[in-house]
Amino acid sequence: MVKQQAKKDRALRKETPATAQKQNHDSLDRIADLIPGGLFRCDPYLKITYLSPQGLRMFGYESQPLANNFRIPDLVIPDDREDIKKFFDRVLTTRTPSNKESTGLKKDGVQVPFLMLVSPVLNNG
């Protein structure tokens, strides 16, 4: 019994970096699902790679795959899109957390004010 557990422990320690990263993302997504406000993750091109269930509801969407077809500027009113792009450029360039008020655009066209608290998390660089 003890030998079997030791063998399992050794196998767990041999996990690859890709496996560890996947497990980390899954854990963070589970935590994000519990946050009362919307939470998102995006790539450097502002394509949404994760939007929490609360964020989906806030913008009138029901499924994660649907949200993955959007970029952050797609979720704000057209008048705010250039400002949002400049804001994210500044955050990524300075690597400094910041916040930005904007007006969101829900799926049904209703406008909703919101505050983004953005913190860059850079992988591989």
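Reader: What makes the lining of the largest pocket nonpolar, polar or charged by class in this predicted model?

Author: By class, 28 nonpolar, nine polar and three charged residues make up this lining.

Reader: Which elements supply the lining of the largest pocket?

Author: At least two residues each come from α2 (17-32), β1 (40-42), β2 (48-51), α3, α5 (81-94) and β4 (111-118). The largest share, seven residues, is that of α2. The space in this pocket is about 1,200 Å³.

Reader: Why is glutamine 54 called buried?

Author: Buried means under 20% relative accessible area. Glutamine 54 has 16% relative accessibility and therefore counts as buried. This residue lies in helix α3 (residues 53-58).

Reader: What is glutamine 54 in contact with, leaving aside its neighbours within four places in sequence?

Author: Glutamine 54 is in contact with Ala32, Asp33, Leu34, Ile35, Pro36, Gly37 and Gly38. Contact requires heavy atoms within 4.5 Å.

Reader: How do you know that strand β3 and β4 pair?

Author: Two strands pair if there are at least two bridges between them. Strand β3 (residues 98-105) and β4 have eight bridges, in the antiparallel sense, and therefore count as paired. Lysine 100 stands opposite methionine 116 in β4.

Reader: How many residues lie between β3 and β4 in the hairpin?

Author: Five residues lie between the two strands of this hairpin. In the turn, glycine 109 has a positive phi of about 90°.

Notes. Residues are numbered from 1 along each chain as its sequence is written. This is a predicted model: local features need pLDDT of at least 70, side-chain atom pairs count only at pLDDT 80 or more; totals for chains, interfaces and linings use all residues. Side-chain values use heavy atoms; hydrogens and water are left out. Helices (H or I, at least four residues) and strands (E, at least two) are DSSP runs, numbered from the N terminus. Buried means under 20% relative accessible area, exposed over 50%, partly exposed in between (1.4 Å probe, protein chains only). On a 1 Å grid over the protein atoms alone, a cavity is a set of points where a 1.4 Å probe fits but cannot get out, and a pocket is an open set with protein on both sides within 12 Å along at least five of seven lines; lining residues have an atom within 4 Å of a point. Grid points are joined across faces, edges and corners, and a volume is the space filled by probe spheres set on the points. Ala, Val, Leu, Ile, Met, Phe, Trp, Tyr, Cys and Pro count as nonpolar, Asp, Glu, Lys and Arg as charged, and the others, Gly among them, as polar.
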